[in-house]
Each structure stands twice: as structure tokens, then as C-alpha cells.
Amino acid sequence: MTQARLICIFTSLLISASAAAQGFLKWERDTVSFFQGVAVSFDLAGAAQLQLSDYGQLEGALRVNLHDQYFPTLELGLGKASHENDEVTGITYHTKAPYFRLGCDVNLLKEKHTGNRIFAGIRYAYTHYKIDLDRQTFPDPCWQWDTSFGVKDESCYQHWAEVLLGIDAKVAGPLHLGWSVRYRKRLAHDDGITEKTWYVPGYGIQESTRLGYTFNLTIDI
């Protein structure tokens with residue numbers, strides 16, 4: 001078989017393969033612009049917790065939409081605790097301070113332009129807060145000494161990271177509802193002379209699980 005004939009056969013095979021590919025594959029260009037605007041949201045779960053218990057937070061967020069796939073997010077909140085006369089320790093604990101989280105979510109859905117999203121994300125968070133701690137007069141059971149003590153405006157701080165998974169569903173027009181579940185990990189902290197504070201704004205109860213959650217009302221603007 002001559003070299004010219006081999007070249008002819010190879011060229012014919014390439015043309016046939018190209019035609020077959022065009023028949024089975026349909027290539028579409030994504031014409032959606034990269035910047036899709038911003039959204040604001042409010043955490044309903046934290047607000048409800050603040051009303052129904054002795055701690056919680058008011059939290060809002062600003063989220064940038066990049067091609068319906070990447071969502072840089074800034075979360076700002078005010079955490080508060082007013083825990084009176086603990087049943088076990090007799091301690092009263094007060095704190096109120098702002099906090100922030102900064103990170104990014106990624107839309108995991110293949111059809112990302114529908115307005116509905118399943119997302120995963122990460123956050124870096126920080127708060128600087130002061131605590132008031134008081135324990136009422138309680139005699140030592142053996143020596144009958146007065147064991148009462150108090151701390152006023154003790155300065156504390158905490159850095160932590162969060163990994164989250166959530167859902168964001170379009171309800172109507174610019175309105176979305178969604179939730180997220182978060183795993184938290186402390187990175188650095190200073191609890192002052194108490195060594196371990198009871199509640200950290202934005203993080204939650206120190207002794208409880210590291211899992212947290214939000215239920216968000218979001219509006220595209």
C-alpha cells in the first residue's frame with residue numbers, strides 16, 4: 001500500500017470521526033455573565049434561639065454571585081448570652097459582642113442557573129468579647145469558706161474555622177429560603193482568667209457539639 005493511499009485513508013477516518021462527533025455531541029456556549037449581582041440574607045434560626053433561650057445571635061450576610069457558581073460571603077452578627085444562676089454551678093454569665101465570618105460557597109449542582117443551589121463552603125471567623133461572671137455565696141461543704149467570686153469585663157477572643165453544607169431554594173422573584181449545617185473548629189483563643197468561657201458570640205456553647213446550623217431568608221438585589 002502506497003504512502004499516498006495511507007494518507008487518504010487516514011484523512012477519511014478523521015473526517016468520519018468528526019462528523020460522528022458533531023452528530024452525537026452538542027456544544028453550547030454559556031452566555032450567562034460572570035457577575036450575577038449580590039444578595040443579602042438574615043438567619044432566622046439564630047434570632048429564634050435568642051428569643052427562646054438565654055443565648056443566641058442576630059446575624060445577616062452579604063453574598064456576591066459569580067456566574068451562579070461561586071459565592072464569596074461576609075457574615076456579620078451580634079451574639080448575646082444572659083445565663084442566670086446555673087443549676088449545676090450557680091454561676092451567672094453575661095456577654096454581648098459582634099463577630100464576623102468570611103469565606104466562599106460553591107454551587108454543586110450541574111444546572112447552576114436555575115436559582116436553586118446545593119452548596120459547600122468554608123469560613124474563617126473571629127470575635128472579641130468581654131464577659132461578666134458571678135457566683136453567689138456558697139459555703140465550702142467541708143471548711144464552710146465563702147466560695148463566691150466574680151469577674152467583670154474580662155477580655156476574651158477566639159478565631160475559628162467552619163466547613164458547611166447547605167441548600168438554597170428560589171421561592172418567588174428575588175426571594176430564597178435555605179439552610180446550612182456547619183462543623184466548627186477553634187483555631188486560637190484566649191478565655192482570660194476563666195480558662196474556658198461558657199458562650200462565645202457566633203460560635204455557641206463551648207461544651208456542646210461543634211455542629212451548628214442556620215436557616216436563611218435571602219433576597220437578591
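Does Tyr-203 count as buried or exposed? At 8% relative accessibility, Tyr-203 counts as buried, where buried means under 20% relative accessible area, exposed over 50% and partly exposed in between, with a 1.4 Å probe and protein chains only. Bear in mind that this is a predicted model, where local features need pLDDT of at least 70, side-chain atom pairs count only at pLDDT 80 or more, and totals for chains, interfaces and linings use all residues. Residues are numbered from 1 along each chain as its sequence is written, and side-chain values use heavy atoms, with hydrogens and water left out.

Now for the rings. The structure holds six aromatic pairs; rings of Phe, Tyr and Trp (its six-membered ring) pair if their centres lie within 6.5 Å, and planes under 30 degrees apart count as stacked, over 60 as edge-to-face and the rest as tilted. One of them joins Tyr-93 and Trp-198, edge-to-face at 5.7 Å centre to centre and 70 degrees between the planes. Tyr-93 sits in strand E4 and Trp-198 in the loop between E7 and E8, 105 residues apart; strands here are DSSP runs of at least two residues (E), helices runs of at least four (H or I), numbered from the N terminus. Tyr-93 is buried at 3%, while Trp-198 is partly exposed at 24%. Trp-160 and Tyr-203 are edge-to-face too, because their centres are 5.5 Å apart and their planes at 80 degrees. Trp-160 is buried, with a relative accessible area of 0%.

Finally, look at helix H2, residues 44–52, whose buried residues are Ala-45, Gly-46 and Ala-47.
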